Amino acid sequence: MLVSIFLEEHYRLNGRLEGLATEKDDTFRLGTDSGNYLVKVSPPDESEAVVALQTAAMRYLETTAPHLPVQRVKLTAGGDDHVTIRLNDGRTRFLRVFDFVEGQVLADANPDTERLARAGEMLGLIDVALRPFTHPADRRGLAWDLRHFHQLTELVEHTPSPEHRQLAQSVFRLFGDSVVPRLSDLETQVIHGDFSPYNIVVDPKSDHFVTGVIDFGDTVRSAVIFDPAVPMANLLGRTPDHPWRDACAFAAGYQRERPIQAPELPLLPVAALARLTLRALITNWRAEHAPERRAYLLGHAKDDWINVERSLAVSLDDVVAHLREARHGHS
C-alpha cells in the first residue's frame, strides 16, 4: 500500500494500518511497536497552504501553550511537517502523521453541566493562546465559516420538508437581522473552527475532564463568537425540556477563560442556531447528491431540525440573559 511505503521511507515507521471513517481526509490508525499514530492524507482539493495553516496552528500551540492537550504533529526523518504525494492526474495530496490521542470522545460521554463547562474552558484557553497567531492562509474560504451563512440561502431549496424550510428561513432572518449588520466589526482571530464533540477527547475520571483536542481541519480567521457557536450547536436540544441548558453551560465555561465582548454576547445564540441549521442544510444537499447515502444522511439531519425547532421555541432574550448572568457570576 502506497501509504505504508511513504511512512517507511519518510518517517521510518512501519506497523499495522487501519482505516478510520472521517469526513474529508483519508485517515488511518498506525499501530507500531513504539506506540500508535494517526495518519492523514489530505483531500485532493485541499491546497498545501491550507494544510500548512492547520499544522502551523497546532505547532504554535505546542510551542506557546505546551500544557494544553493539543494533538502533536510528528516530523519526517528529514524534519518536514508533511510529505507531498503527486497523483497520476497531476494533483497533489499531503500526508501527515500525528500522535494518536487515546480515550473517549465527548460525543460518547454523558457529561453533566460542570463537565461541559470544563470543555468550554478548554476552547477558551485555546482561543486565548491562538489570539496572536497569524498565517498567510488564515483568511481562506470555508463553507462552514459562519461569516458566509447568509449567502447560502439557496441550500433551502434542497430541503424536502416544507416545515424544515420554514425553520431554516426563520434562522436566516434572525441571522440577517442581528449578525450580518455587525459582521465587519466583530472581534476576529484564528479559531479552531470545529470544536465538536467528536474532536474533544475526555476522561470522566480526570479533574481536567478534557484530555485531548484533535482535528484542526477547519482552522480559519473568523469572528471569535463563531468558535463556541460550533459546540453549542452540537449541544442544542440535548435536554429536550431545556434545549439551551447544555449549550449555555459550555458557553459559561468558555467565558471564564475568554470572555465575549458584551455587545457581541446576544449574537452567540443566533450563531449557534445558524451552525446547527447549516449542518442540517448541508446534510440535505449531500443526500440529494449521494442518493446511496440518502437514508443515512437524512436520518442524521432529522435530529438537527428537531433541535432547531425546540431551540427556536425558547425566547432568545432569556437565553442571552442566562449567558450574561453566567458571565457576571465568574467575572
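Is Phe 133 buried or exposed? Phe 133 is buried, with a relative accessible area of 5%. Here buried means under 20% relative accessible area, exposed over 50%, and partly exposed in between, with a 1.4 Å probe and protein chains only.

This is a predicted model, where local features need pLDDT of at least 70, side-chain atom pairs count only at pLDDT 80 or more, and totals for chains, interfaces and linings use all residues. Residues are numbered from 1 along each chain as its sequence is written, and side-chain values use heavy atoms, leaving out hydrogens and water.

Now to the rings. The structure holds 4 aromatic pairs. Rings of Phe, Tyr and Trp (its six-membered ring) pair if their centres lie within 6.5 Å; planes under 30 degrees apart are stacked, over 60 edge-to-face, and the rest tilted. The centres of Tyr 60 and Phe 133 are 5.2 Å apart and their planes stand at 50°, so this pair is tilted. Tyr 60 sits in helix α2. Phe 133 sits in the loop between α3 and α4, 73 residues apart from Tyr 60. Helices (H or I, at least four residues) and strands (E, at least two) are DSSP runs, numbered from the N terminus. Tyr 60 is partly exposed, at 22%.

Next come Phe 195 and Phe 250. Their ring centres are 6.2 Å apart and their planes at 55°, so the pair is tilted. Phe 195 is in the loop between β8 and β9, and Phe 250 is in helix α6, so the pair ties together parts 55 residues apart in sequence. Phe 195 is buried at 0%, and Phe 250 is buried at 1%.

Ring pairs also link Phe 149, Phe 172 and Phe 175 into a cluster.
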